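Here are my notes for you to read with the model open beside them. Take the points in order, and look up each residue as you go.

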Amino acid sequence: MILERFFPDLYIQSIYDLPLAELKEMGIRGLVFDIDNTVAPFDVADPDEKLIDFFAQMQDMGFRLCILSNNNKERVHRFNKPLKALAIHKAGKPNPRKMKQALKRLGLVPQEAAMVGDQGRSVLHHDSAHLRP
């Protein structure tokens, strides 16, 4: 069914519940995160140490990481600075244009990436059909 592409493959309570080893086994090499209500509440300007450590852990595991947000440049770059991920602001989500740009900059194809967002808690979208070239 065509609507299936708009539903997540996995629902999780928190980004800390991401099954990182399983994702690697599935061929996922990159993770793209929203900020607000996904990695932090919308009113938190800076990431906490737990999040900074988690991003470092994912990077140590070989994941390529990106923050993709509809927020402005100042908000996104300030939040991302200690995370050391690729950061893209004013993403215009759900339009896939900036997601495609993120994947290109990460050196990945859609089948190698997953989007983590906040629709219905933290949500993992893997191999999103609408991103296929």
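1. Of the 133 residues in the protein chain, 45% count as buried (buried means under 20% relative accessible area, exposed over 50%, partly exposed in between, with a 1.4 Å probe and protein chains only). Please keep in mind that this is a predicted model, where local features need pLDDT of at least 70 and side-chain atom pairs count only at pLDDT 80 or more, while totals for chains, interfaces and linings use all residues. Residues are numbered from 1 along each chain as its sequence is written, and side-chain values use heavy atoms, with hydrogens and water left out.

2. Next, the overall layout. The protein chain has 4 helices and 6 strands (DSSP runs numbered from the N terminus: helices are H or I with at least four residues, strands are E with at least two). Along the sequence they follow the pattern β-α-β-α-β-α-β-α-β-β.

3. Now find strand β3, residues 64–68. Because 4 of its 5 residues are buried, β3 is largely enclosed by the rest of the structure. Strand β2 (residues 30–33) pairs with β3 in the parallel sense over 4 bridges (two strands pair if DSSP finds at least two bridges between them). Between β2 and β3 the chain passes through helix α2 (residues 49–60), and this β-α-β crossover is right-handed: with the strands pointing away from the viewer, the path from the first strand over the helix to the second runs clockwise.

4. β3 also pairs with strand β4 (residues 86–88), in the parallel sense and over 3 bridges. To see the pairing for yourself, look for Leu68, which stands opposite Ile88 in β4.

5. Which residues have the most contacts inside the largest nonpolar core? They are Leu18, Leu31, Phe33, Phe55 and Met58, in a core of 26 residues (a nonpolar core is a set of buried Ala, Val, Leu, Ile, Met, Phe, Trp, Tyr and Cys residues joined through side-chain atoms within 4.5 Å). Helix α2 gives the largest share of this core, 5 residues. Met58 touches Leu20, Leu31, Phe33, Phe63 and Leu65, not counting residues up to four places away in sequence (contact means heavy atoms within 4.5 Å). Apart from this core lies another, of 13 residues, among them Cys66 and Met99.

6. Is Arg75 buried or exposed? Arg75, in helix α3, is buried, with a relative accessible area of 13%. Its side chain makes a polar contact with the side chain of Asp36 (2.5 Å). A polar contact is a pair of N or O atoms within 3.5 Å; within protein, one must be able to donate a hydrogen and the other to accept it, and residues adjacent in sequence count only if both atoms are side-chain atoms.

7. Finally, turn to helix α4, residues 97–106, whose buried residues are Lys98, Met99, Ala102, Leu103 and Leu106. These cover an arc of only 145° around the axis, so they sit on the same side of α4 (the arc is that of the directions from the helix axis to the C-beta atoms). They pack against β2, β3, β4 and β5. The face turned away from the buried side carries the exposed residues Arg97, Lys104 and Arg105. Just after α4, Gly107 takes a positive phi of about 75°.
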